[in-house]
Amino acid sequence: MRINRNMLLKLAKDTVERAVNSDHSILAIYLQGSLLSEDPLIGNTADIDLFYIHNDEVSLDREIVKVSDEVHLDIAHHSHRVYRQPRELRVHPWLGPAVYGCKIMYDPQHFVDFTQASVRGQFNNPDNVLARTGRQAQHAREMWSSFNEQPHQPEPKDAYLYLRALEHAGNAIAGLSGIHLTERRFLATLSQQAEALHKSGLFVDFMGLLGAPVVDANRMRAWIPEWRKAYSSLAEDQAPAQLHPHRLLYYERAIQAMLEGPNPHHALWPLWHTWTRLMCVLEADAVPQAAWQEAGTTLGLLGEPFMEKIDAFDAYLDLIEETLEKWAVDNGG
């Protein structure tokens, strides 16, 4: 099926109309994510990120709804209480950028309209920018510290915690531009944001912390069958929304497209991030871990080299903190 942005926008509009006609608890709906860009597709796949704001409390935080093999809806459900304090939203590391840049799809009471205007009013105030990015850097530092409290050979949960720390570090950089990094475009956007800050070395060093210099497209391509086997082993009732079965092709085709593109290393984040998360969720005997362990050892993200990465990450966090401090001086924060 050939997909384009106009088709996806119409699908989003139709979804919103059906939702508000069937669920009268919905106060407002807004659109976020790649569909706000001119090129939302990677590997001819896309998701539609919709946020439903309800008048009452919600029992379901997030749901994945299949539209076709190439497209799915990613719907977040929030209580209106989440949006009642615009001052707090301005400094929220990911919800603030989401509200700031969202497209309002349904808002008869102007709830999101008012909230968005309040958030936008002082969103780029240096103090608010530093509050958002500082929280990201602090989370990364706290996670780094946990590895030094009781050093041990990393298990899947340790490998995933390291990736979460890297994710916060990357978002501390991107957050200076008011951007929150998304999973499939994580490395591509991080590269752009580091260049915008005239700090391309931050991206180069990040790739080193991820193990990218030791692998090429062919090596990553060879990991895909085992990655897919692990993903296919995850039952729907066992899967977190991030790894819902309907998202398999969403990741796989994007990874393959990036591996065939001019920057194949950009595929490493979605590939290794989802694979490691799978190893944390799957039962130990559900799928062999040997292929994942071999890949992680190659990257230096498992086994003996892991603590070397932790030491290097310490120095990287120092660089981020110095970057934030310099940005504050340059921008009057």
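Colleague: What makes the crossing of α9 and α12 left-handed?

Modeller: The crossing of α9 and α12 is left-handed because the near helix is turned anticlockwise from the far one by less than a right angle; clockwise would be right-handed. This is a predicted model, where local features need pLDDT of at least 70 and side-chain atom pairs pLDDT 80 or more, while totals for chains, interfaces and linings use all residues. Residues are numbered from 1 along each chain as its sequence is written, and side-chain values use heavy atoms, without hydrogens and water.

Colleague: Which residues make the contact of α9 and α12?

Modeller: Arg219, Trp223 and Glu226 of α9 meet Ala291, Ala295, Thr298 and Leu299 of α12, with contact meaning heavy atoms within 4.5 Å. By class, this contact of α9 with α12 has four nonpolar, one polar and two charged residues (nonpolar: Ala, Val, Leu, Ile, Met, Phe, Trp, Tyr, Cys, Pro; charged: Asp, Glu, Lys, Arg; polar: the others, Gly among them).

Colleague: Why is α5 called roughly antiparallel to α13?

Modeller: The axes of α5 (residues 126-149) and α13 (residues 306-331) come within 10 Å and cross at roughly 165°. That angle makes α5 roughly antiparallel to α13. The contact of α5 with α13 divides into 16 nonpolar, four polar and four charged residues.

Colleague: What makes a space a cavity or a pocket?

Modeller: On a 1 Å grid over the protein atoms alone, a 1.4 Å probe fits in a cavity but cannot get out, whereas a pocket is an open set with protein on both sides within 12 Å along at least five of seven lines; lining residues have an atom within 4 Å of a point. Helix α5 supplies the largest share of the lining of the largest cavity, three residues. Among the lining residues are Arg132, Thr133 and Gln136.

Colleague: What lines the second largest pocket?

Modeller: Its lining includes Arg184, Arg185 and His266, and by class has five nonpolar, three polar and two charged residues. About 160 Å³ of space lies in the second largest pocket.

Conventions. Helices (H or I, at least four residues) and strands (E, at least two) are DSSP runs, numbered from the N terminus. Axes are lines fitted to C-alpha atoms, for helices over the stretch in contact, and angles run from 0 to 180 degrees between N-to-C directions. Angles under 35 degrees count as roughly parallel, over 145 as roughly antiparallel, 65 to 115 as roughly perpendicular and the rest as oblique. Grid points are joined across faces, edges and corners, and a volume is the space filled by probe spheres set on the points.
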